[in-house]
Structure formats: C-alpha cells, structure tokens
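Work through these exercises with the model open beside you. Try each task before you read its solution.

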Amino acid sequence: GIPGIRALLCLPQIPCRFSFPQTNKAIPKMMRAGVLDLLKDGTKHLTGIDEAVLKNLEACKNLANITRTSLGPNGMNKMVVNHLDKLFVTHDAATIMEQLEVVHPAAKMLVLASKSQQEEVGDGTNFVIVLAGELLKNAEQLIIMGIHPSEILQGYLKACKRTLELLPTLATHRLDDVRDEAAVTQALRPVLSAKVNGNEDVLAPIVAQACIQTCPPNQKFFNIDNIRVLKIEGASIGQSFLLNGLGFARD
C-alpha cells in the first residue's frame, strides 16, 4: 500500500517505523535548542529572513527615524535623559547617539558608523544614519520580493562607485587652499548654519582665522584641541572674538 515499496519484511517484537526527512519539523528546533545551550540565559537565536534579517532592518530604520527630524538647519531638538537622569536638549546626532546607549547589534553598527564619521570628519553624523536608514528601507522591499541580500549588496556597491564618479561634477564650491581665509569662511558657513543658524556670518570668519592660525604645515595633522572655546556670561554671540593666546575665565 506504500508507493515505491514492493515488499516489506517485519520481524516479530521489533517495531517498524517509517520516517520521511522532509516532514520532520523537530530537527530545526533541536538545533536551535543546542545553540542556546552554548550561550548564557536570556540569549535569543534568530534565523531566516523573517526572524533575523527583517527584524534587524526594522531596528535600524527605527534608529534612523529618531534623528531624521533633526537633520539640517531647521532640524528639531531632541530631549534625551540618560541613565544618570541627566537631561540633554540637542539636535546633534553624535550627542544623541552617545546618550541613547543603543544595545541592538544591528542598530549599534549604525552608531559606530556615526562615531567614525565624527572622529574622521567632525560633521555629517546625522547624514550617515539617515542615509543608511534609507538604503536599508529600500533593501527591505527587495528582500521581500525575493532578492538575496548578497545581490542587493552588489547593486549598492555599483551604485556607490557611480556616485563617487558623479560627486565631483556636482560640487558648487571647491577649497583648493586651506590657508585662504575667504575660501575657508565660505566653506564654513553652511556647516555652522546647521549648529548656530542665524549667526554663521559672525562666527565663520572667526573660526576660519582660528583654524588657519593653528593649522600645521601638513594639514593632515591638524588638531582641533589647539582651539578652545571660552564662554563668558553677559554677552551675546555677536560679541565673540578671537584671542591669540590662552584665556581663563574668572569669577
């Protein structure tokens, strides 16, 4: 009565069982339990597209949505309370990411990418997070359509190569001499407008002078710690000035 089997021999008192590998659904659960036995209590083991990949993408998108509205000169401030109950009101993505204490493995990679951007460039941390969130959002739709993540990665690598070719042609301003005060001031204005909108015309020349005076012969060894900011109560930003030397605040 079993298709494909012509003869069947059963010995007395010996039970006969038939098992079909494709219908045994307990094996993956046993494998998963074996992995969890190797890890500490409370560890989760996720596999597959639905459990692992899409959940990681969702975590990264949620992190990008937090800082998305803080992007640009008109970005909104965020109120963050850290584990020490210290209150921060800022729209700086580097500060927000530092105080959020993200623990999700995939989302933490975005935090590390923003920190690397901050250390190497000093700006654009929010742009890194928002751009990565958009790329992962589009990748999610492709994964749902059945495209393998490795193929999506290859497509993004080709797009990155093409983008690097087009970016130089889209530049509206080029800084050829880092010691040209007028050119440096023009380059600093859009950067400062994102931090102190409305006061960039006052601060840009001061910052340009400070950077040029402390810039070593090899600009790659420029150290931002050579420039200090001293805050004095009772004055406005418009009264800021550059002091060649060392200043101390006194009561």
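**Exercise 1. Find which residues of helix H3 (residues 93–100) are buried.**

Solution. Start with the helix itself. In H3, the buried residues are Ala93, Ala94, Ile96, Met97 and Gln99. Keep in mind that this is a predicted model. Here "buried" means under 20% relative accessible area. An α-helix has 3.6 residues a turn, so residues three or four places apart point the same way.

Next, step past the end of the helix. Glu101 follows H3. Its place is in the loop between H3 and helix H4 (105–120). The phi of Glu101 is positive, near 55°, and the residue is not glycine. At 44% relative accessibility, Glu101 counts as partly exposed.

**Exercise 2. Locate Asp85 and decide whether it is buried or exposed.**

Solution. Asp85 sits in the loop between strand S1 (78–81) and strand S2 (87–90). Second, check the backbone. Phi of Asp85 is near 60°, a positive value in a residue other than glycine. Third, check the surface. The relative accessible area of Asp85 is 66%. The cut-off for exposed is over 50%, so Asp85 is exposed.

**Exercise 3. Count the salt bridges and trace what they join.**

Solution. Side chains of opposite charge can pair when their charged atoms come close. Searching the whole structure gives six salt bridges.

Step one: take Arg68 and Glu134. Their side chains form a salt bridge of 2.9 Å, N to O. The pair links distant parts of the chain, with Arg68 in helix H2 and Glu134 in helix H5, 66 residues apart. Arg68 is partly exposed at 31%. Glu134 is also partly exposed, at 28%.

Step two: take Arg189 and Asp201. Their salt bridge is 3.0 Å, N to O. Arg189 lies in helix H7 (residues 181–193) and Asp201 in helix H8 (residues 200–214), so the pair ties together parts that are twelve residues apart in sequence. Arg189 is partly exposed, with a relative accessible area of 33%. Asp201 is exposed, at 51%.

Step three: take Asp176 and Arg174. Their closest N and O atoms are 3.1 Å apart, and they form a salt bridge. Asp176 is exposed at 66%. Arg174 is exposed at 65%.

Step four: look for a network. Salt bridges link Glu58, Lys61 and Glu140.

**Exercise 4. Describe the lining of the second largest pocket.**

Solution. General idea first. Rolling a probe the size of a water molecule over the atoms shows where empty space is left.

Now the volume. The second largest pocket holds about 630 Å³. The lining has 18 residues, and Ala132, Leu135, Leu136, Leu153 and Tyr156 lie nearest the centre. Then the sources. Helix H2 (48–68), H5 and helix H6 (149–166) each supply at least two lining residues. H6 gives the largest share, eight residues. The lining divides into 17 nonpolar residues, one polar and no charged.

**Exercise 5. Identify the residues of the nonpolar surface patch that includes Phe127.**

Solution. Find Phe127 in helix H5 (residues 125–144). Then gather its partners. Leu71, Phe127, Leu131 and Leu135 form the nonpolar patch on the surface. Together they have about 350 Å² of accessible area.

Methods
Residues are numbered from 1 along each chain as its sequence is written. This is a predicted model: local features need pLDDT of at least 70, side-chain atom pairs count only at pLDDT 80 or more; totals for chains, interfaces and linings use all residues. Side-chain values use heavy atoms; hydrogens and water are left out. Patches are made of residues with over 30% relative accessible area and no salt bridge: like charges are joined within 9 Å, nonpolar side chains (Val, Leu, Ile, Met, Phe, Trp, Tyr) within 5 Å. Accessible areas come from the Shrake-Rupley method with a 1.4 Å probe; for residues, only the protein chains shown count as cover. A salt bridge is a side-chain nitrogen of Lys or Arg within 4 Å of a carboxyl oxygen of Asp or Glu. Helices (H or I, at least four residues) and strands (E, at least two) are DSSP runs, numbered from the N terminus. On a 1 Å grid over the protein atoms alone, a cavity is a set of points where a 1.4 Å probe fits but cannot get out, and a pocket is an open set with protein on both sides within 12 Å along at least five of seven lines; lining residues have an atom within 4 Å of a point. Grid points are joined across faces, edges and corners, and a volume is the space filled by probe spheres set on the points. Ala, Val, Leu, Ile, Met, Phe, Trp, Tyr, Cys and Pro count as nonpolar, Asp, Glu, Lys and Arg as charged, and the others, Gly among them, as polar. Buried means under 20% relative accessible area, exposed over 50%, partly exposed in between (1.4 Å probe, protein chains only).
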